[in-house]
Number of protein chains: 4
Amino acid sequence: MKELNTRDKILRAATELFSEKPYHETSVGEIAKRAGVSKGALFHYFPSKYELARQVLLGILDAWLKRLNERLKNLTGDAKIRAVVDALFELITESPKLSRFFLEVYEESLRLGRGADWDEFYGRYLGSVSEILKNAGVANPERKTVLLGALVDGLALHHLLSGGRLFNVEDMKEEVFRILKG
Amino acid sequence: MKELNTRDKILRAATELFSEKPYHETSVGEIAKRAGVSKGALFHYFPSKYELARQVLLGILDAWLKRLNERLKNLTGDAKIRAVVDALFELITESPKLSRFFLEVYEESLRLGRGADWDEFYGRYLGSVSEILKNAGVANPERKTVLLGALVDGLALHHLLSGGRLFNVEDMKEEVFRILKG
Amino acid sequence: MKELNTRDKILRAATELFSEKPYHETSVGEIAKRAGVSKGALFHYFPSKYELARQVLLGILDAWLKRLNERLKNLTGDAKIRAVVDALFELITESPKLSRFFLEVYEESLRLGRGADWDEFYGRYLGSVSEILKNAGVANPERKTVLLGALVDGLALHHLLSGGRLFNVEDMKEEVFRILKG
Amino acid sequence: MKELNTRDKILRAATELFSEKPYHETSVGEIAKRAGVSKGALFHYFPSKYELARQVLLGILDAWLKRLNERLKNLTGDAKIRAVVDALFELITESPKLSRFFLEVYEESLRLGRGADWDEFYGRYLGSVSEILKNAGVANPERKTVLLGALVDGLALHHLLSGGRLFNVEDMKEEVFRILKG
DNA sequence: TATGAATGAGCGTTCATTCAT
DNA sequence: GATGAATGAACGCTCATTCAT
């Protein structure tokens with residue numbers, strides 16, 4: 001592990017905690033403690049818990065999109081589609097609570113009257129994936145992207161709810177691949 | 001309107017409120033006020049906020065399953081499948097926050113070490129729908145039921161997040177129908 | 001001392017503390033502790049610190065006006081004027097911080113966008129005293145009431161600032177009496 | 001505008017802010033930002049927020065006394081008295097929050113056990129004005145100065161509280177002039 | 001001289017739950 | 001059955017001040 005600066009220590013601790021438990025059960029004091037800094041330092045870098053959570057989310061998605069694009073570099077056709085499906089299912093298996101956290105932060109933005117913060121973020125996510133599917137030769141890529149995104153979020157939730165016992169990941173990947181091809 | 005007894009007044013008020021806003025932003029005081037009873041009365045009938053929420057969820061799903069079965073009585077084949085899809089999309093359009101509430105209560109159960117409360121509930125939901133799909137001639141009904149449930153939950157969340165602007169409901173119904181048939 | 005109910009215990013403790021030190025240096029926890037109740041109980045009776053302070057102020061002024069009117073019952077002419085002056089100077093000597101508290105609560109009302117709460121309160125104070133002065137035969141009673149109110153508030157502040165060493169109360173009463181007569 | 005040095009930029013920003021809102025709602029961070037310097041620089045020049053506020057107050061009053069003396073240079077008798085009244089009412093109309101600020105800083109000094117800081121300051125203010133009134137031929141100049149100071153502070157506060165609707169400035173000046181002459 | 005990162009105590013307020021009546 | 005008074009822990013956030021650079 002390399003030495004992180006304070007801001008990154010806070011972001012890392014927050015990312016960990018928000019991946020473990022709900023937004024409203026994660027206190028800023030807890031985040032600060034896990035980061036090994038004071039509450040004051042946290043508020044020095046982030047004006048509010050909401051803004052910290054938003055940065056965490058942006059960080060997670062940017063990292064995911066970056067990794068996705070790297071993976072897709074030398075792939076074409078079905079391999080490209082399978083790579084997207086793989087990447088999405090990694091979200092399910094590695095960050096199953098991401099969908100929940102996504103929703104929580106979105107609701108917080110509504111409560112604070114910052115709903116507009118969101119459109120851009122949400123648009124970026126859908127825009128990137130839809131472009132990829134289109135290039136991979138998927139028919140109706142916009143509609144399929146919406147369907148795919150919803151399906152992945154839903155599967156993540158149910159995976160979470162069932163403790164992973166609800167479905168076999170490889171089987172489900174195959175189903176999703178067929179949907180994209182069909 | 002018929003006169004409801006105290007317990008039912010509380011359940012109705014809680015159902016309304018949990019359909020409007022998150023579990024953690026709905027206080028028991030608010031539920032009691034909406035029901036027109038005292039907080040004491042609420043705790044007389046329900047040992048905790050969690051248990052009340054669980055009863056609300058059971059009530060919602062039982063009512064939905066009951067309505068679904070009534071609808072399916074005289075239908076066969078594709079009409080049956082379409083009726084299931086219609087019923088699921090009504091959850092999305094009429095109770096878009098149900099998925100979120102579902103998730104919240106589940107997490108509360110984990111926090112309280114009552115995760116076991118859930119298996120039965122979740123199993124009942126999937127069991128019913130899987131049976132219906134099987135009777136309607138859907139191939140691989142168990143796996144398709146899981147996929148369908150996840151997809152509907154995911155669409156509900158995204159419908160909520162996008163303020164309904166993300167997809168056209170009828171188009172998406174058609175996609176889902178094709179998935180079930182494929 | 002008779003046994004007070006919880007609400008009155010809170011009001012009494014708050015009145016004491018707000019008379020001792022500034023609004024912003026008096027915490028609700030401190031008020032609750034002095035009253036011998038929990039913070040929760042305080043918020044059970046008063047929706048906010050501001051509203052509690054407002055009730056304290058209303059209580060102080062109502063009590064003062066009541067005592068004033070009782071005193072004036074059987075007096076006429078100059079005796080009436082002297083009684084008003086006496087009552088006002090009692091505010092200075094017994095509750096020298098009242099003016100400061102008055103201002104603090106007023107500013108809080110502005111901050112909370114509740115400025116309207118105030119007009120009624122302020123009007124009641126001026127209305128009562130102006131009516132009394134008019135009946136006592138003072139010329140230009142409205143203008144004199146304003147002047148008198150300002151003078152008393154100012155004297156209270158300076159009395160406070162100087163630790164009581166700035167002026168002799170009886171001498172100053174005489175000056176004020178002359179102003180009202182002039 | 002001439003270029004100010006850092007210390008004066010801080011003093012100017014603090015003077016502005018303390019004239020706009022209460023001492024306890026004005027943070028040192030806000031002062032530093034308005035001055036365009038760092039918090040560190042602020043604490044380099046002033047050992048505490050309290051000491052900065054005290055310097056602000058001294059600056060305001062010194063400037064006021066200086067302007068007053070300039071104005072009075074070639075005046076005698078009633079014109080002198082009227083000039084003093086004019087200058088005092090300018091405090092009310094142009095810096096209505098000065099009295100409040102005065103009080104706040106005084107209380108802060110008490111809290112910090114620096115009450116002695118104050119006697120000198122307060123004495124200088126009263127001393128100057130009393131000397132002027134005496135030279136203008138006012139009877140009982142010390143007592144009248146106390147009364148005048150209190151009246152002006154009180155009027156400033158009520159002017160503030162009423163949003164300027166409580167009294168007509170010119171009418172009130174006339175009243176005050178009569179009091180000084182009487 | 002000047003910076004701004006970092007501290008940590010303190011604030012007003014919310015809330016599920018208990019219990020005497 | 002039903003009330004609502006009372007609890008107390010927890011929360012997000014602010015702030016004057018210190019200090020290494």
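Trainee: How many residue pairs are in polar contact between chain A and chain B, both at pLDDT 80 or more?
Mentor: This is a predicted model, in which local features need pLDDT of at least 70, side-chain atom pairs count only at pLDDT 80 or more, and totals for chains, interfaces and linings use all residues. Residues are numbered from 1 along each chain as its sequence is written, chains are lettered from A and ligands numbered from 1 in the order in which they are written, and side-chain values use heavy atoms, leaving out hydrogens and water. A polar contact is a pair of N or O atoms within 3.5 Å; within protein, one must be able to donate a hydrogen and the other to accept it, and residues adjacent in sequence count only if both atoms are side-chain atoms. Between chain A and chain B, the count of such residue pairs is nine.

Trainee: Which helix of chain A gives the most residues to the side that touches chain B?
Mentor: Helices are DSSP runs (H or I, at least four residues), numbered from the N terminus. Helix 6 (98-111), helix 7 (116-135), helix 8 (141-161) and helix 9 (169-181) of chain A each put at least two residues on that side. With 14 residues, the top contributor is helix 8.

Trainee: What area is buried between chain A and chain B?
Mentor: Contact (heavy atoms within 4.5 Å) takes in 37 residues from chain A and 37 residues from chain B. Buried area is the accessible area (1.4 Å probe) that two parts lose on being put together, summed over both. Carbon and sulfur atoms give 66% of it, and the total is about 3500 Å².

Trainee: What share of the area that chain A buries against chain B comes from Arg143(A), His158(A) and Leu161(A)?
Mentor: These three supply more than any other three residues. Their share is 19%.

Trainee: Now chains D and C. How many residues of chain D touch chain C from helix 8 of chain D?
Mentor: Polar contacts between chain D and chain C number 10 residue pairs. Helix 6 (98-111), helix 7, helix 8 (141-161) and helix 9 (169-181) of chain D each supply at least two residues of the touching side. Helix 8 has the largest share, and its number is 14.

Trainee: How far apart are the closest N and O atoms of Glu107(D) and Arg100(C)?
Mentor: The interface of chain D and chain C holds 10 salt bridges. Glu107(D) and Arg100(C) form one, with the closest N and O atoms apart by 1.8 Å.

Trainee: Which chain does not touch chain B, with nearest C-alpha atoms 30 Å apart?
Mentor: Chain B has no contact with chain C either, but there the closest C-alpha atoms lie 12 Å apart. The chain at 30 Å is chain D.

Trainee: Why is the pair of Phe18(C) and Phe101(C) stacked?
Mentor: The structure holds 12 aromatic pairs over all chains. Rings of Phe, Tyr and Trp (its six-membered ring) pair if their centres lie within 6.5 Å; planes under 30 degrees apart count as stacked, over 60 as edge-to-face and the rest as tilted. Here the centres are 4.7 Å apart, and the pair is stacked because the planes meet at 20 degrees.

Trainee: How many residues apart in sequence are the parts that Phe18(C) and Phe101(C) tie together?
Mentor: Phe18(C) lies in helix 1 (residues 6-20) of chain C, and Phe101(C) in helix 6 (residues 98-111) of chain C. The residue separation is therefore 83.

Trainee: Is Phe101(C) buried or exposed?
Mentor: Buried means under 20% relative accessible area, exposed over 50%, partly exposed in between (1.4 Å probe, protein chains only). Phe101(C) has 2%, so the word is buried.

Trainee: Where does Asn140(A) lie?
Mentor: Asn140(A) is not a glycine, yet its phi is positive, about 55 degrees. At 40% relative accessibility, Asn140(A) counts as partly exposed. Its place is the loop between helix 7 and helix 8 of chain A.

Trainee: Over the ring of which residue does the charged end of Arg82(A) sit?
Mentor: A charge sits over a ring if NZ of Lys or CZ of Arg is within 6 Å of the ring centre and within 35 degrees of the ring normal. In chain C, Arg82(C) does this over Phe177(C), 3.8 Å from the centre. Arg82(A) is 3.7 Å from the centre of its ring, which belongs to Phe177(A).

Key: A salt bridge is a side-chain nitrogen of Lys or Arg within 4 Å of a carboxyl oxygen of Asp or Glu.
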